[in-house]
Amino acid sequence: MAFNTTVETLPAMGRFSLRCKRENTVAMSKALGFELPTSISELVRSGDVTALKLGPDEWMLTCLMDERMRITEPLAAVYADAVHSLTEVSSREVSIRVSGPEAEELLSTSCPRNLRELTVGRGVRTVFDSVQVILTREEQNQFRLDVWRSFVPHVMGLLSVATKEFECGL
(Lines give C-alpha, C1' and ligand atoms only; values in the text may rest on other atoms or scores of the structure.)
Protein backbone atom coordinates (compact mmCIF):
# COMPACT_ATOMS: atom_id res chain seq x y z
CA MET A 1 0.00 0.00 0.00
CA ALA A 2 1.35 3.42 -0.97
CA PHE A 3 1.81 6.16 1.59
CA ASN A 4 -0.44 9.01 0.41
CA THR A 5 -0.14 11.63 3.13
CA THR A 6 1.45 15.01 2.54
CA VAL A 7 3.12 17.49 4.87
CA GLU A 8 3.32 21.11 3.74
CA THR A 9 3.88 24.53 5.24
CA LEU A 10 1.09 26.98 4.53
CA PRO A 11 1.35 30.63 3.46
CA ALA A 12 1.67 33.19 6.24
CA MET A 13 -1.63 34.16 7.85
CA GLY A 14 -2.82 36.88 10.16
CA ARG A 15 -3.07 35.62 13.74
CA PHE A 16 -4.36 37.26 16.87
CA SER A 17 -4.55 36.19 20.47
CA LEU A 18 -7.81 37.52 21.89
CA ARG A 19 -8.50 37.60 25.62
CA CYS A 20 -11.69 38.98 27.15
CA LYS A 21 -14.28 38.41 29.84
CA ARG A 22 -17.37 36.37 28.99
CA GLU A 23 -19.67 39.39 29.31
CA ASN A 24 -17.79 41.17 26.52
CA THR A 25 -18.11 38.40 23.93
CA VAL A 26 -21.53 39.54 22.71
CA ALA A 27 -20.24 43.00 21.74
CA MET A 28 -17.10 41.50 20.24
CA SER A 29 -19.07 38.95 18.23
CA LYS A 30 -21.30 41.70 16.90
CA ALA A 31 -18.27 43.79 15.92
CA LEU A 32 -16.62 40.85 14.13
CA GLY A 33 -19.84 39.88 12.35
CA PHE A 34 -19.95 36.30 13.66
CA GLU A 35 -20.43 34.54 16.99
CA LEU A 36 -17.26 33.75 18.90
CA PRO A 37 -17.23 30.07 19.86
CA THR A 38 -18.44 29.36 23.38
CA SER A 39 -16.98 25.88 24.01
CA ILE A 40 -13.28 25.23 24.49
CA SER A 41 -11.81 23.62 21.32
CA GLU A 42 -14.73 24.87 19.18
CA LEU A 43 -13.80 26.46 15.85
CA VAL A 44 -16.02 28.96 14.03
CA ARG A 45 -15.36 30.04 10.46
CA SER A 46 -16.77 33.13 8.77
CA GLY A 47 -15.38 33.42 5.25
CA ASP A 48 -11.60 33.52 5.60
CA VAL A 49 -11.68 34.38 9.32
CA THR A 50 -11.59 31.69 12.00
CA ALA A 51 -11.95 31.83 15.75
CA LEU A 52 -10.80 28.92 17.91
CA LYS A 53 -11.62 28.94 21.61
CA LEU A 54 -8.50 27.79 23.47
CA GLY A 55 -9.53 28.53 27.04
CA PRO A 56 -12.23 30.12 29.20
CA ASP A 57 -11.24 33.63 28.09
CA GLU A 58 -8.92 32.97 25.14
CA TRP A 59 -9.40 32.70 21.38
CA MET A 60 -7.01 32.43 18.45
CA LEU A 61 -8.29 34.46 15.49
CA THR A 62 -6.85 33.83 12.03
CA CYS A 63 -7.34 35.48 8.66
CA LEU A 64 -5.55 36.15 5.40
CA MET A 65 -2.51 38.38 5.91
CA ASP A 66 -3.99 41.26 3.93
CA GLU A 67 -7.31 41.01 5.84
CA ARG A 68 -5.92 41.71 9.34
CA MET A 69 -7.76 45.04 9.52
CA ARG A 70 -11.01 43.04 9.35
CA ILE A 71 -10.17 41.93 12.90
CA THR A 72 -8.28 44.89 14.34
CA GLU A 73 -10.57 47.75 13.28
CA PRO A 74 -13.93 46.43 14.52
CA LEU A 75 -12.44 45.28 17.83
CA ALA A 76 -10.69 48.62 18.36
CA ALA A 77 -14.04 50.34 17.77
CA VAL A 78 -15.71 48.45 20.65
CA TYR A 79 -12.81 48.55 23.10
CA ALA A 80 -14.36 51.25 25.32
CA ASP A 81 -17.49 49.13 25.83
CA ALA A 82 -15.91 45.68 25.65
CA VAL A 83 -12.45 45.77 27.20
CA HIS A 84 -10.19 43.08 25.77
CA SER A 85 -6.64 42.24 24.86
CA LEU A 86 -5.94 41.69 21.16
CA THR A 87 -2.33 40.83 20.37
CA GLU A 88 -1.11 40.23 16.86
CA VAL A 89 1.07 37.12 16.76
CA SER A 90 1.23 36.69 12.98
CA SER A 91 5.01 36.41 12.79
CA ARG A 92 5.26 34.06 15.79
CA GLU A 93 3.79 30.93 14.21
CA VAL A 94 3.91 28.85 11.05
CA SER A 95 1.12 26.52 9.96
CA ILE A 96 1.86 23.00 8.79
CA ARG A 97 -0.86 20.97 7.08
CA VAL A 98 -0.83 17.19 7.25
CA SER A 99 -3.36 15.63 4.90
CA GLY A 100 -4.15 12.22 3.52
CA PRO A 101 -5.41 8.83 4.66
CA GLU A 102 -2.52 8.30 7.11
CA ALA A 103 -2.51 11.85 8.56
CA GLU A 104 -3.84 10.78 11.94
CA GLU A 105 -1.34 7.93 12.21
CA LEU A 106 1.56 10.14 11.09
CA LEU A 107 0.75 12.80 13.71
CA SER A 108 0.37 10.10 16.37
CA THR A 109 4.08 9.33 16.07
CA SER A 110 4.86 12.45 18.13
CA CYS A 111 1.52 13.64 19.56
CA PRO A 112 0.24 11.91 22.73
CA ARG A 113 -3.41 12.89 22.19
CA ASN A 114 -5.96 10.37 21.03
CA LEU A 115 -6.57 12.06 17.67
CA ARG A 116 -9.67 9.95 16.99
CA GLU A 117 -11.38 12.01 19.70
CA LEU A 118 -10.54 15.29 17.95
CA THR A 119 -13.51 15.75 15.64
CA VAL A 120 -13.63 17.82 12.45
CA GLY A 121 -13.87 21.54 13.19
CA ARG A 122 -12.21 21.29 16.61
CA GLY A 123 -8.79 22.45 17.75
CA VAL A 124 -6.69 22.05 20.88
CA ARG A 125 -3.48 23.18 22.43
CA THR A 126 -1.26 20.10 22.78
CA VAL A 127 2.33 18.96 22.35
CA PHE A 128 4.12 17.47 19.38
CA ASP A 129 7.17 15.70 20.79
CA SER A 130 8.16 18.40 23.30
CA VAL A 131 6.78 21.38 21.35
CA GLN A 132 3.57 23.18 22.27
CA VAL A 133 1.33 23.42 19.20
CA ILE A 134 -2.26 24.22 18.32
CA LEU A 135 -3.68 21.23 16.48
CA THR A 136 -6.87 21.63 14.44
CA ARG A 137 -8.72 18.90 12.60
CA GLU A 138 -9.85 20.69 9.45
CA GLU A 139 -11.31 17.64 7.71
CA GLN A 140 -11.47 13.94 8.50
CA ASN A 141 -8.01 13.33 7.00
CA GLN A 142 -6.57 16.84 7.27
CA PHE A 143 -4.94 18.56 10.24
CA ARG A 144 -3.21 21.90 10.77
CA LEU A 145 -0.41 22.36 13.27
CA ASP A 146 0.32 25.93 14.34
CA VAL A 147 3.90 25.89 15.56
CA TRP A 148 6.10 28.62 16.96
CA ARG A 149 8.49 29.61 14.19
CA SER A 150 11.64 28.63 16.10
CA PHE A 151 10.35 25.04 16.52
CA VAL A 152 9.36 24.48 12.87
CA PRO A 153 12.67 22.80 11.89
CA HIS A 154 12.30 20.34 14.77
CA VAL A 155 8.65 19.52 13.98
CA MET A 156 9.27 19.24 10.22
CA GLY A 157 12.27 17.00 10.92
CA LEU A 158 10.17 14.64 13.03
CA LEU A 159 7.43 14.56 10.38
CA SER A 160 10.02 13.91 7.66
CA VAL A 161 11.57 10.98 9.53
CA ALA A 162 8.15 9.49 10.31
CA THR A 163 7.07 9.92 6.68
CA LYS A 164 10.17 8.06 5.47
CA GLU A 165 9.49 5.26 7.93
CA PHE A 166 5.91 4.93 6.68
CA GLU A 167 7.09 4.98 3.05
CA CYS A 168 9.49 2.12 3.86
CA GLY A 169 6.68 0.15 5.50
CA LEU A 170 7.99 0.45 9.07
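How much space lies in the largest cavity? The largest cavity holds about 40 Å³. This is a predicted model, in which local features need pLDDT of at least 70 and side-chain atom pairs count only at pLDDT 80 or more, while totals for chains, interfaces and linings use all residues. Residues are numbered from 1 along each chain as its sequence is written, and side-chain values use heavy atoms, with hydrogens and water left out.

**View 1. The largest cavity and its lining.** Rolling a probe the size of a water molecule over the atoms shows where empty space is left. Here a cavity is a set of points, on a 1 Å grid over the protein atoms alone, where a 1.4 Å probe fits but cannot get out; lining residues have an atom within 4 Å of a point. Grid points are joined across faces, edges and corners, and a volume is the space filled by probe spheres set on the points. One cavity of 30 Å³ or more is found in the whole structure. Its lining consists of Leu43, Thr50, Leu52, Met60, Thr62, Thr136, Arg144 and Asp146. Three of these residues are nonpolar, three polar and two charged (nonpolar: Ala, Val, Leu, Ile, Met, Phe, Trp, Tyr, Cys and Pro; charged: Asp, Glu, Lys and Arg; polar: the others, Gly among them). At least two lining residues come from each of strand E4 (49-55), strand E5 (58-64) and strand E10 (142-148). Helices (H or I, at least four residues) and strands (E, at least two) are DSSP runs, numbered from the N terminus.

**View 2. The largest pocket.** A pocket is an open set of points with protein on both sides within 12 Å along at least five of seven lines. The largest pocket has a volume of about 270 Å³. Of its 14 lining residues, Met13, Asp48, Cys63, Leu64 and Arg144 lie nearest its centre. E5 gives the most to this lining, with three residues. The lining divides into seven nonpolar, two polar and five charged residues.

**View 3. The open sheet E1-E7-E10-E9-E8.** Five strands form this sheet, with antiparallel pairing (two strands pair if DSSP finds at least two bridges between them). Strand E1 (6-9) and strand E8 (122-128) are the edge strands, each pairing on one side only. From one strand to the next, the twist averages 25 degrees (axes are lines fitted to C-alpha atoms, for helices over the stretch in contact, and angles run from 0 to 180 degrees between N-to-C directions). Strand E7 (residues 93-99) is joined to E10 by seven bridges. Valine 94 stands opposite valine 147 in E10.

**View 4. The open sheet E3-E4-E5-E2-E6.** Five strands again pair in the antiparallel sense. The edge strands here are E3 and strand E6 (84-88), and the twist averages 20 degrees from one strand to the next. Five bridges link strand E2 (residues 13-20) with E6. Arginine 19 has serine 85 in E6 as its bridge partner.

**View 5. The largest nonpolar core.** A nonpolar core is a set of buried Ala, Val, Leu, Ile, Met, Phe, Trp, Tyr and Cys residues joined through side-chain atoms within 4.5 Å. Buried means under 20% relative accessible area, exposed over 50%, partly exposed in between (1.4 Å probe, protein chains only). Among the 23 residues of this core, Leu107, Leu135, Leu145, Val147, Val155 and Leu159 touch the most other members. Helix H4 (152-167) gives the most to this core, with five residues.
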